Amino acid sequence: MAREANEIEVRIGEMEIAKSPYILRALLGSCVAVILYDKVNLIGGLAHVFLPTKNMSRKDDEHPDSRFADTAVPMLLKSIIDIGAKKQNIVAYLVGGNNVLSVAKNASKKTIAEQNIEAAVTAIQKENLFMINLGVGKDTGTKVKFMLSTGDVIVEEMKKVGKIKSE
């Protein structure tokens, strides 16, 4: 994906909000991109969620709420409403949560990617938002590009480069 002048890169644990004609983009592994978009007012945001819940961090950590699915979704929703979005127009998109490392899966324990997806879905449902899943839980990283002028979400899978053996 070529980079355009009006693109904003959203890094791990960050959240960005914007209005048309901006483009938000992220590179995802086990992280999840939660995208909220007001399709009428062309306002939206992307949270690059790193962990499922804030209680997974140490009490002395001062990480922003945008790192965690349970706190990022309501924070992102409030932020786009504060700049003019209307809740009844908002659609949520979910991308990422990929199992990027080829490790033996423990059937009794969910991967961090699976936990991120589950927590993001729960947080979106809690806000009563219509959600569109754009391919979560892949085996490779994902590039996502969100066009605020059209509402298009472009998802590109990356090539798998290696394996890690576990015993």
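Predicted model: local features only at pLDDT ≥ 70, side-chain atom pairs only at ≥ 80, totals over all residues.
Me: Which residues of helix 2 are called buried, and what covers them?

Reply: Buried means under 20% relative accessible area, against over 50% for exposed and partly exposed in between, with a 1.4 Å probe and protein chains only. In helix 2, Ala113, Asn116, Ile117, Ala119, Ala120, Val121, Ala123 and Ile124 are buried, and their cover includes strand 4, strand 5, helix 1, strand 6 and strand 7. The buried residues of helix 1 include Val73, Leu76, Leu77 and Ile80, and strand 2 (15–19), strand 5 (43–49), strand 6 (90–96) and helix 2 (112–126) are among the elements that cover the buried residues of helix 1.

Me: What makes the crossing of helix 1 and helix 2 right-handed or left-handed?

Reply: A crossing is left-handed if the near helix is turned anticlockwise from the far one by less than a right angle, and right-handed if clockwise; the crossing of helix 1 and helix 2 is right-handed. The two helices pack at an angle of about 35° with their axes 8 Å apart, where axes are lines fitted to C-alpha atoms, for helices over the stretch in contact, and angles run from 0 to 180 degrees between N-to-C directions. Ala69, Asp70 and Val73 of helix 1 make the contact with Asn116, Ala119, Ala120, Ala123 and Ile124 of helix 2, contact meaning heavy atoms within 4.5 Å.

Me: Why do strand 2 and strand 7 (130–136) stand at the edges of their sheet?

Reply: Two strands pair if DSSP finds at least two bridges between them. An open sheet of 5 strands, with mixed pairing, has the order 2-5-4-6-7; strand 2 and strand 7 each have a single partner strand, so one side of each is left without a neighbour in the sheet. Strand 6 and strand 7 meet the rule with 5 bridges in the parallel sense, and Ala92 stands opposite Met131 in strand 7. Helix 1 packs on this sheet with a direction at about 160° to that of strand 5, and helix 2 packs on the sheet with a direction at about 175° to that of strand 6.

Me: Why is the pair of Tyr37 and Phe146 called edge-to-face?

Reply: Rings of Phe, Tyr and Trp (its six-membered ring) pair if their centres lie within 6.5 Å, and planes under 30 degrees apart count as stacked, over 60 as edge-to-face and the rest as tilted. By this rule there is 1 aromatic pair: the rings of Tyr37 and Phe146 lie 5.2 Å centre to centre with 90° between the planes, and the pair is therefore edge-to-face. Tyr37 belongs to strand 4 (residues 32–38) and Phe146 to strand 8 (residues 142–147), so the pair ties together parts that are 109 residues apart in sequence. Both residues are also buried, with a relative accessible area of 3% for Tyr37 and 0% for Phe146.

Me: How do you know that Gly97 is buried or exposed?

Reply: Gly97 has a relative accessible area of 1% and is therefore buried. Gly97 has its place in the loop between strand 6 and helix 2, and its C-alpha atom is separated by 5.1 Å from that of Cys31, 66 residues apart along the chain.

Methods: Residues numbered from 1 in each chain as written. Heavy atoms only, no water. Helix = DSSP H or I, 4+ residues; strand = E, 2+ residues; numbered from the N terminus.
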